Protein chains: 2
Amino acid sequence: MKRIAIQGERGCFHDIAAHAYFPDEQVQLICCTTFEKVFEEVEKDPTVIALLAIENTIAGSLLHNYDLLRKSGTMVVGEQRLHIQHCICCLPDDDWTTVTEVHSHPVAFMQCRSFLAGHPALKAVEADDTAGAAACIARKRCRGRAAICAADAARIYGLKILEDSIEDNKHNFTRFLIACQPQKADFLRPLTDVDKASIVFSLPHEEGSLSKVLTILSFYGINLTKIQSLPVIGHEWEYLFYVDLTFDSLTRYRQSIDAITPLVKSIRILGEYREH
Amino acid sequence: MKRIAIQGERGCFHDIAAHAYFPDEQVQLICCTTFEKVFEEVEKDPTVIALLAIENTIAGSLLHNYDLLRKSGTMVVGEQRLHIQHCICCLPDDDWTTVTEVHSHPVAFMQCRSFLAGHPALKAVEADDTAGAAACIARKRCRGRAAICAADAARIYGLKILEDSIEDNKHNFTRFLIACQPQKADFLRPLTDVDKASIVFSLPHEEGSLSKVLTILSFYGINLTKIQSLPVIGHEWEYLFYVDLTFDSLTRYRQSIDAITPLVKSIRILGEYREH
């Protein structure tokens, strides 16, 4: 059995991703209201695993989660990609003529912009979580209220789907990371299996310092699958570089990290894992 | 007089940024409901200038706007940084005891998360725009309803500020870009003044292709101030690299672009302008 801390309620995309990542295992969810609380759960109990969204093809990187991950003492041990599809659902007695409000997470609203523009009479009300909006309607029997969530959540909470696949862009994927306390990492992914790493580093204020680092990585046969510079909040002239790397040989990858370390100002390995 | 197309209503952060960028000029706003409409305004009238948010230190890059900018035929001619501060405001007759709903843009809600968590009784309702939410309350005399917006917007619409600076993080900056039809670019910024450029390129599937490009840029003395890889929506294995460059010599920068062009799959100069 795996105990997974997520942000959101049963039926949310984090729940779906947790079951997709551990397909043949019993999953016990620890549902948190914030991502901060997800990391607190892992910190106080080393058997708990965190699963959190990190980027979406439409909405971009979740900078806040990058920040929490970097500051937490956890290690990334896996990733999961999920195709995100939204439905709009309500109580079985309601329909298009009676629904006046739609509740969901702001990111879901952003992903269903055209749909909402086509239904200007619907008042869009923020909720902490897509599935939480559906759960609340079912629990409190809220007439006239709809939720935008995964079709799975609508089914779990016994709601009627008014329309499915209402997201603007059908190529809507979210990438989730799985993280745990470092001493638990080897139980969750044997190091012999890893072919990908997430690292974050800062650089000295010198011309060409990024190109030196990337050139060394390429000399070692390491591929970049993602690179993103982020200003350090509160230090607007300093940047952190979040980089995802893939490789064939763990040894070569480790050597490449040793080779770039003297050239960076600071570096942290967020984790080594198997590419999804 | 400058005619500026923005997303949002009078008093929104785009309006504030427009006046900050053209401090000594009369500004006529063309207020649009979407960023798509902003670019349509520029397309149908070459005298219109677009001003749009492109990244925020807390919320990250606005990928949708990067996409619109890349696909539009416009050229970036300037940038403006703005410190983002939110207030909560309502009709003068209302106060904390009578307000039950707060209306604003989803990004503003994300930037005031702690504030909202501290006021769980307030129902957060989505609006197209921060200033629009304030305008709507003032116009329709909505009792019991508050807006989250710039203090300027509260003043413009005659609303009472219940609390100012309610954003979670005080280091909350947004960067805006100013864009126009290419034939107008030289009127808006003399090329002799430019020291920054925004470019976007894709790379062949070859190991080290990014490091080659960055190494050439560094050989030419060009600095990177931002780099971001984005998957091409619908082609999940292809990436676009958005890069911001600064330089001392326009000639050297032009030569560096010539030097990297044969090594990229495609490249587009989004614009050359003066760093803010």
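Predicted model: local features only at pLDDT ≥ 70, side-chain atom pairs only at ≥ 80, totals over all residues.
Residues are numbered from 1 along each chain as its sequence is written, chains are lettered from A and ligands numbered from 1 in the order in which they are written, and side-chain values use heavy atoms, with hydrogens and water left out.

At the interface, 41 residues of chain A are in contact with 41 residues of chain B, contact being taken as heavy atoms within 4.5 Å. The two chains bury about 3,400 Å² between them, with 60% of this on carbon and sulfur atoms; buried area is the accessible area (1.4 Å probe) that two parts lose on being put together, summed over both. Between chain A and chain B there are 2 salt bridges, where a salt bridge is a side-chain nitrogen of Lys or Arg within 4 Å of a carboxyl oxygen of Asp or Glu. A salt bridge joins the side chains of K123(A) and E101(B), at 3.0 Å from N to O.

The side of chain A that touches chain B receives two or more residues from each of α3 (63-71), β7 (101-104), α4 (106-111), β8 (123-126), α9 (209-219), β13 (223-232) and β14 (235-246) of chain A; helices (H or I, at least four residues) and strands (E, at least two) are DSSP runs, numbered from the N terminus. Of these elements, β13(A) gives the most, with 8 residues. By class, this side of chain A has 17 nonpolar, 17 polar and 7 charged residues, with Ala, Val, Leu, Ile, Met, Phe, Trp, Tyr, Cys and Pro counted as nonpolar, Asp, Glu, Lys and Arg as charged, and the others, Gly among them, as polar.

For chain A, the domain assignment, which is automatic or from a database, gives domain 1 (2-83 + 172-182), domain 2 (87-163) and domain 3 (191-274). The centres of domain 2 and domain 3 of chain A, taken over C-alpha atoms, are separated by 42 Å.

Over all chains, the structure holds 10 aromatic pairs, defined as rings of Phe, Tyr and Trp (its six-membered ring) with centres within 6.5 Å, and classed as stacked if the planes are under 30 degrees apart, edge-to-face if over 60, and tilted otherwise. The rings of Y66(A) and Y242(A) have centres 4.4 Å apart and planes at 50 degrees, so this pair is tilted. Because Y66(A) lies in helix α3 of chain A and Y242(A) in strand β14 of chain A, the pair ties together parts that are 176 residues apart in sequence.

The whole structure contains 36 salt bridges over all chains, including one between the side chains of E41(A) and K44(A), at 3.4 Å from N to O. These two residues, E41(A) and K44(A), are 3 residues apart in helix α2 (residues 35-44) of chain A, and are therefore separated by about one helical turn.

R141(A), in the loop between α6 (130-140) and β9 (145-149) of chain A, has a positive phi of about 50 degrees although it is not a glycine.
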